[in-house]
Amino acid sequence: MAENDVKRFHWYEDLMGCPSQCYYYFIDPATNKRYCIYLRWRWHDPWTCELIGCDDTWDLDWNQDVQDFKVDGFYCEDDFRQLEQTAQNIASEMFPHIEELKTYVDPDHFDIEQFDGELPERLIGLKGLNIDKLFYKGNRDLVTKGYKVAIIGEANSTENEIEIARQLAQYHCCDIVMSDYSLLGIAALKSSVENYGKAIAAVNSNHIYIGPQGTDKLETQLLKQGGLLLCHHKERVTESDANGLEPAQRLYVLQLLIALADKIIVISYDSGSIIKDALSTRKILCKPIFVVNSDRSGNQSLLKSCFIRHPINFFNSCR
């Protein structure tokens, strides 16, 4: 592995086949020697674990003499995370002067960062946008690259409307599907990820816990596939807090999605809701807006307006 490709004190996981392998690279500052904790799973249990020396390019050097490194226990195919922690603890006991070894960081952990002002033109001047409070995790290049489809709807969307969102996201999985963490939005994001597409989730915090919807797992999959999480607040928000979010905060999220979108799909809309305010932002000018042809008052109002020319009649047209 090239020098610049190695992140020390970080677990790399290659779990796509057999063998499956995990790597953890570090340097002993007392001797300047390089090491790798190497886990390997073959066609049958258990995982094996070794401490191996590395050369100057971080390639494993099996000829180097290293201290005895013994991990007790039987670790089955799905137990690699437990083995990572155990192996790192043993390495920490062998090298007590290396502080970083003492803290295990889940490989699915993604640090949240603040946008540094290099916002794309379409976001600058967006109503209500406070650059100081725009955070992200994942591939920030997605805000300027690729064709982006925003799928939006009401928080009280029906099961049928949620299914429409799922099918549309599947249809657009070759594009960048964007939505929020509403029930409808989660269905769209999940469908995109399941079909190996990239997705942008816009939320009010760096993570909203909505356990029944599998948001924890969804966020990890989204980011691992090169997706992006855009956040209004850096702080975490619980499910109970999320239920009481001010309409202005959801309006911000919708405006962010619409500003970034190349194509907007409105699945469910009630007249007088905040979706109307989100759609009125000047950033939607010249963008195609598609509306599901349903009995909702807002949907019918949009279909009759002068700037909506793209009704969607479901379900046949979504394939």
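Tutor: Let's begin with residue classes: Ala, Val, Leu, Ile, Met, Phe, Trp, Tyr, Cys and Pro count as nonpolar, Asp, Glu, Lys and Arg as charged, and the others, Gly among them, as polar. This is a predicted model, in which local features need pLDDT of at least 70 and side-chain atom pairs count only at pLDDT 80 or more, while totals for chains, interfaces and linings use all residues. Residues are numbered from 1 along each chain as its sequence is written, and side-chain values use heavy atoms, leaving out hydrogens and water.

Student: How do the residues lining the largest pocket divide into nonpolar, polar and charged?

Tutor: A pocket is an open set of points on a 1 Å grid over the protein atoms alone, where a 1.4 Å probe fits and protein lies on both sides within 12 Å along at least five of seven lines; its lining residues have an atom within 4 Å of a point. This pocket holds about 870 Å³, a volume being the space filled by probe spheres set on the points, which are joined across faces, edges and corners. Of its 25 lining residues, R81, P107, D108, T220 and K224 are the closest to the centre. The lining divides into 10 nonpolar, seven polar and eight charged.

Student: Which element gives the largest share of that lining?

Tutor: Helices (DSSP H or I, at least four residues) and strands (E, at least two) are runs numbered from the N terminus. Strand 1 (11-14), helix 1 and helix 4 (215-224) each supply at least two lining residues. The largest share is four residues, and they come from helix 4.

Student: Is E84 buried or exposed?

Tutor: Buried means under 20% relative accessible area, exposed over 50%, and partly exposed in between (1.4 Å probe, protein chains only). E84 lies in helix 1 (residues 80-94). Its relative accessible area is 0%, so E84 is buried.

Student: Which side chain does E84 join in a polar contact?

Tutor: A contact means heavy atoms within 4.5 Å, and E84 touches W11, E13, C22, L39, Y104 and P107, not counting residues up to four places away in sequence. A polar contact is a pair of N or O atoms within 3.5 Å; within protein, one must be able to donate a hydrogen and the other to accept it, and residues adjacent in sequence count only if both atoms are side-chain atoms. At 2.6 Å, the side chain that makes such a contact with E84 is that of Y104.

Student: How far apart are the end C-alpha atoms of helix 6?

Tutor: The expected span of a helix is 1.5 Å times one less than its number of residues. Helix 6 (residues 247-260) has 14 residues, so it should span 20 Å; its ends agree, lying apart by 20 Å.

Student: How many residues of helix 6 are buried?

Tutor: The buried residues of helix 6 pack against several elements, including strand 8, strand 9 and helix 7 (274-279). Helix 6 is mostly covered, and of its 14 residues the buried ones number 12.

Student: What is the relative accessible area of N32?

Tutor: N32 has a positive phi near 65° although it is a residue other than glycine, and its place is the loop between strand 2 (20-28) and strand 3. N32 counts as exposed because its relative accessible area is 60%.
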